[in-house]
Amino acid sequence: MPFNFDTPPDRSHSDSLKWHRYAGRDILPLWVADMDFAAPPPVLSALQQRIEHGVFGYAYHRESLLDAVVSGIARDHHWQIEPEWIVWLPGVVQGFNLACRLAGEPGDGVLTFPPIYPPMLLAPGNHERRLVRSDLILAGGRWEYDWDGLDALLETQSANLLLLCNPHNPVGRVWSREELTRLAWHAEKNDWLICSDDIHCGLVIDPTQRYIPIASLDEAVAQRSITLMAPSKTWNIPALGCAFAVIPNASLRKQYLATGRGLLPDVNVLGLVAAEAAYREGGAWRAALLPYLRSNAQRVHEVINSLPGLSCTDIEATYLAWIDCRGLNQPNPQKYLELHGVGLSDGRDFGMDGFVRLNFGCSRKLLDEALRRISLAALAA
Ligand SMILES: Cc1ncc(COP(=O)(O)O)c(C=O)c1O
């Protein structure tokens, strides 16, 4: 393999948030969503070259960056966007917060689907909007939308914004064309704005699945959509703070820009440089990463489902596993597993009790040791 994911740099004494939490304690950090791997070589050399230049004045997004992003999205996701649809953002979290601020008025509803990335649960409240939740359900060993529940919910609750996560953190689903079409139908019927957080779209690890941006379904959906993307998860550069919204509708784009005016910092120049290199030249690294993650995912699936009290579904995308711990009969599974030497994310933060999220974006060796500790914990429960 041309890239070595088996022996990543040691982060235990670095400025890593993930590793800092358990510094000096024998607890393996498999929580916050970054990977332990170094960024792709073309990204590193583009950054080095830019640093060599030595001047860090205000930056703008060059034609070559726009070209790399537009052609990268067409190449990797079969979606043809126009450069002028792109609005640069310092992060995806800011992106969906702006959407909440833009949609409706204080008191209006924002519909989303827990378990979900915690800042999406908090975003409506940040802007005096009401969180309207339609929890995903486990059906036939797969996480799905609760269509009947959603119909019932919409009898009594209204919303102005549909906040989607595709692929979905933490359950790892890549939403199908049928599922997206059904959501889009609801959006048309109820006149919802759609904001889709597609930050994990480059990380589809199940070769039978294909990521489809909801805005690519048809022109009507595109006109009501804000699609949030970033190079950060796929190429492991989240701390470089570079993301973007794709907004085909010119007047919506104008409103979105106006909503953020004066609130958001410009994107860091190093983030822009890294983004260009990632979209243009990060393909070989990504092509090597995906099978590594797939193999880690299979290992997690195999071990977890062999243990008493634990289970997880197939992971179609992301480097995150959503583990059902309800059978452990522990009041706080995250704490329980931490006591056994593994630091995971607490499902309650994602809006669902009895679950933990495990980040397998790490070396196989570290993952195997974490799974060994989890096995001991499960057997001791
Ligand atoms: C679904 C999702 N959206 C957004 C983010 C964070 O995005 P950013 O760092 O660009 O704000 C994450 C990070 O884990 C995520 O999983």
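**Sheet, cysteines and cavity**

Modeller: This is a predicted model. In it, seven strands form an open sheet with mixed pairing, in the order β2-β10-β9-β8-β7-β3-β4.

Biologist: Which strands stand at the edges of this sheet?

Modeller: An edge strand has a single partner strand, so one side of it is left without a neighbour in the sheet. That applies to residues 86–89 and to residues 130–133. The strands at the edges are therefore β2 and β4.

Biologist: By how many degrees are neighbouring strands of this sheet turned against each other on average?

Modeller: The figure is an average over neighbouring strands and ignores direction. It comes to 25 degrees.

Biologist: In which sense do β2 and β10 pair?

Modeller: Strand β10 covers residues 243–246, and four bridges join β2 to it. Ile86 has Val246 as its bridge partner in β10, and Trp88 has Phe244. The pairing is antiparallel.

Biologist: Are the side chains of Ile86, Val87, Trp88 and Leu89 in β2 buried or exposed?

Modeller: Ile86 and Trp88 point one way from the strand, while Val87 and Leu89 point the other way. Residues on both sides fall in one class, and all are buried.

Biologist: How many disulfides does the model have?

Modeller: A disulfide needs two cysteine sulfur atoms within 2.5 Å. For Cys201, the nearest cysteine sulfur belongs to Cys165 and is 11 Å away. The sulfur of Cys312 is 10 Å from the closest cysteine sulfur, in Cys325, which is too far for a bond. The count of disulfides is zero.

Biologist: Is Cys312 buried or exposed?

Modeller: The cut-off for buried is under 20% relative accessible area. Cys312 has 8% relative accessibility, and Cys201 has a relative accessible area of 7%, which makes Cys201 buried. Cys312 likewise counts as buried.

Biologist: How much space lies in the largest cavity?

Modeller: The structure holds one cavity of 30 Å³ or more. The space in the largest cavity is about 60 Å³.

Biologist: Which helix gives the most to the lining of the largest cavity?

Modeller: The lining includes Ile73, Asp76 and His77, as well as Cys201 and Trp235. The helix that gives the most spans residues 63–77 and supplies three residues. That helix is α3.

Biologist: How many residues of that lining are charged?

Modeller: Among the lining residues are Asp76 and Arg286, and Asp and Arg count as charged. The lining also has six nonpolar and three polar residues. The charged residues number two.

Definitions and conventions: Residues are numbered from 1 along each chain as its sequence is written. This is a predicted model: local features need pLDDT of at least 70, side-chain atom pairs count only at pLDDT 80 or more; totals for chains, interfaces and linings use all residues. Side-chain values use heavy atoms; hydrogens and water are left out. Two strands pair if DSSP finds at least two bridges between them. Helices (H or I, at least four residues) and strands (E, at least two) are DSSP runs, numbered from the N terminus. Axes are lines fitted to C-alpha atoms, for helices over the stretch in contact, and angles run from 0 to 180 degrees between N-to-C directions. Buried means under 20% relative accessible area, exposed over 50%, partly exposed in between (1.4 Å probe, protein chains only). On a 1 Å grid over the protein atoms alone, a cavity is a set of points where a 1.4 Å probe fits but cannot get out, and a pocket is an open set with protein on both sides within 12 Å along at least five of seven lines; lining residues have an atom within 4 Å of a point. Grid points are joined across faces, edges and corners, and a volume is the space filled by probe spheres set on the points.
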